[in-house]
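The exercises below are to be worked with the sequence and the coordinates open side by side. Each begins with a task and is followed by a solution in steps.

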Amino acid sequence: MASSRVRLPAAATNVSAAYFDQKMAMAKQCSHEGVVAGARAAVIATIASAIPTLASVRMLPWARSYLNPTAQCLIISTAAGAAYFIVADKTVLASARKNSFNA
């Protein structure tokens, strides 16, 4: 039985391969920008949530009795994780939107 695939000429294959390589490079750049921006936001969120959490445990009697070290760590890491994923997602989407107009 004959194959149902359509064979493209060599010139068309090279153009589509170059186009695919360009798109892959652009996608890698978008994801890298998202990772860097997300990591930066996670560091800032860690500092911004660690200072009040640790200060409140030292100063407030309620926090001292109810927030054990595991709870403190959970508060800080949740803020960092949320900041990472939110900022990384927004950065990747913004880069993709910007690059979609270039294509």
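**Exercise 1. The annotated spans**

Over residues 34-57, what percentage of the chain is helix, what percentage is strand, and how far apart are the end C-alpha atoms?

*Solution.* This is a predicted model, in which local features need pLDDT of at least 70 and side-chain atom pairs count only at pLDDT 80 or more, while totals for chains, interfaces and linings use all residues. Residues are numbered from 1 along each chain as its sequence is written, and side-chain values use heavy atoms, with hydrogens and water left out.

Step 1: residues 34-57 are 100% helix and 0% strand, and their end C-alpha atoms are 34 Å apart, where helices (H or I, at least four residues) and strands (E, at least two) are DSSP runs numbered from the N terminus.

Step 2: the span 69-88 is likewise 100% helix and 0% strand, with 28 Å between its end C-alpha atoms.

Step 3: according to the unreviewed UniProt entry, the annotation "transmembrane region" covers both 34-57 and 69-88; UniProt positions are given here in the numbering of the model, feature names are shortened, and annotations may be inferred rather than shown by experiment.

Step 4: for the chain as a whole, there are three helices and zero strands, in the order α-α-α.

**Exercise 2. The aromatic pairs**

How many aromatic pairs does a search of the whole structure find?

*Solution.* Step 1: the search finds two, where rings of Phe, Tyr and Trp (its six-membered ring) pair if their centres lie within 6.5 Å, and planes under 30 degrees apart count as stacked, over 60 as edge-to-face and the rest as tilted.

Step 1: W62 and Y66 form a tilted pair, at 5.5 Å centre to centre and with 40° between the planes.

Step 2: these two residues are separated by about one helical turn, because they are four residues apart in helix α2 (residues 61-66), and both W62 and Y66 are exposed.

Step 3: the pair of Y84 and F85 is edge-to-face, because the ring planes stand at 80°, with the centres 5.2 Å apart.

Step 4: Y84 is partly exposed, at 25% relative accessibility, whereas F85 is exposed, with a relative accessible area of 60%.

Terms used: Buried means under 20% relative accessible area, exposed over 50%, partly exposed in between (1.4 Å probe, protein chains only).
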